[in-house]
Amino acid sequence: MATWEIRAEEPRDAPFIELLVARSFGPGRYAKSAYRLREGVSPEEGLRFVAIEDGVLRGSVRFWPIVIGPERALLLGPLAVEIEQRGRGIGIALMKRGVEDARSLGHCAIILVGDAPYYARAGFAPVPPGKIKFPGPVDSARILGLALVEGALDSLGGDVRRPRIDDPVCADGAPLA
Ligand SMILES: CC(C)(COP(=O)(O)OP(=O)(O)OC[C@H]1O[C@@H](n2cnc3c(N)ncnc32)[C@H](O)[C@@H]1OP(=O)(O)O)[C@@H](O)C(=O)NCCC(=O)NCCS
C-alpha cells in the first residue's frame, strides 16, 4: 500500500501548495493578521516541507521569519492537508519535522495562531494573553508558542512585525534537548 513521505519543498511544489492553501483557508486568508506578516517576505529557507504520496502533494507546512519586540522568531503556517487525506497523521508529521529542523538550525522559538488542542500535540502551549501583539485582531487564546531554546518564550514579548536585515538573530541560550 502506498504511503506518504515528508520531504523538503521544491520549487515545482509551489503552485500545488498555493492551490492547497486556497482550498484549505479560502479567500478570507488574505485578511488574517498572520498573512500580513508574510506579505513580501519569503518563507524561511530550509523550513518548508511537503507530504508526498505517489508523486502527489498531500500536505504542506512553511515557517516564516518574524520579529517579536527586539527578537527574531518563527511563525508557523500555513499548515494544510488535502481534505480527503486528513486524519492520517500527515499534519502532525509535517509540523514535527519543521519543529525538529528549526531546532537544529538554531532558531529560538516558534509562534502561531491556531487551535491549542491540535498544536499541543507538537508541544505548543498558549502564550499569556497580551504578551505578543499581532498587527490586527487575533483571538489571544489562539496565540501559541514553543521554545526551542531554554527560556526563549519567557523573554519574548511585544509587537510582531516582519524582519529587517539588521535584526538580531537569536537570544543567547542553550538549545533544548
Ligand atoms: C489542521 C490540519 C492541518 C490537520 O491535518 P491532519 O493531517 O488531518 O492532522 P493529523 O492527521 O496529523 O491529526 C489528526 C488528529 O488531530 C485532530 N485535529 C485536527 N484538527 C484539529 C483541530 N483544529 N483541533 C483539535 N484537534 C484537531 C483530529 O481530530 C485527529 O485526532 P485523532 O488523532 O485523535 O483522530 C488539517 O485539518 C487542515 O489542513 N485543516 C485546514 C487548514 C487549517 O485549519 N490549518 C491549521 C490552522 S489552525
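Tyr119 and Phe124 are both buried, where buried means under 20% relative accessible area, exposed means over 50%, and partly exposed lies in between (1.4 Å probe, protein chains only). The structure is a predicted model, in which local features need pLDDT of at least 70 and side-chain atom pairs count only at pLDDT 80 or more, while totals for chains, interfaces and linings use all residues. Residues are numbered from 1 along each chain as its sequence is written, and side-chain values use heavy atoms, with hydrogens and water left out.

A search of the whole structure finds 2 aromatic pairs. Rings of Phe, Tyr and Trp (its six-membered ring) pair if their centres lie within 6.5 Å; planes under 30 degrees apart count as stacked, over 60 as edge-to-face, and the rest as tilted. Tyr118 and Tyr119 form an edge-to-face pair, with 5.3 Å centre to centre and 80° between the planes. Tyr119 and Phe124 also pair edge-to-face, at 6.1 Å centre to centre and 80° between the planes.

Glu44 lies in the loop between α2 (33-38) and β2 (48-53); helices (H or I, at least four residues) and strands (E, at least two) are DSSP runs, numbered from the N terminus. Glu44 is buried yet has no salt bridge, that is, a side-chain nitrogen of Lys or Arg within 4 Å of a carboxyl oxygen of Asp or Glu. The nearest side chain of opposite charge is Arg72, 5.6 Å away; Lys and Arg count as positive and Asp and Glu as negative, while His and the chain ends are not counted. Not counting residues up to four places away in sequence, Glu44 touches Phe63, Trp64, Pro65, Leu74 and His107, contact meaning heavy atoms within 4.5 Å.

Val81 belongs to strand β4 (residues 71-81) and counts as buried because its relative accessibility is 9%. Leaving aside neighbours within four places in sequence, the contacts of Val81 include Leu20, Arg58 and Ile90. Val81 and Arg23 are 58 residues apart in sequence and 9.8 Å apart in space, C-alpha to C-alpha.

The model also holds a ligand. Of the 18 residues around the ligand, Gly87, Gly89, Gly91, Ile92 and Asp115 come nearest; a residue counts here if one of its heavy atoms lies within 4 Å. A backbone N or O atom of Gly87 lies 2.8 Å from an oxygen atom of the ligand.

Key
A polar contact is a pair of N or O atoms within 3.5 Å; within protein, one must be able to donate a hydrogen and the other to accept it, and residues adjacent in sequence count only if both atoms are side-chain atoms.
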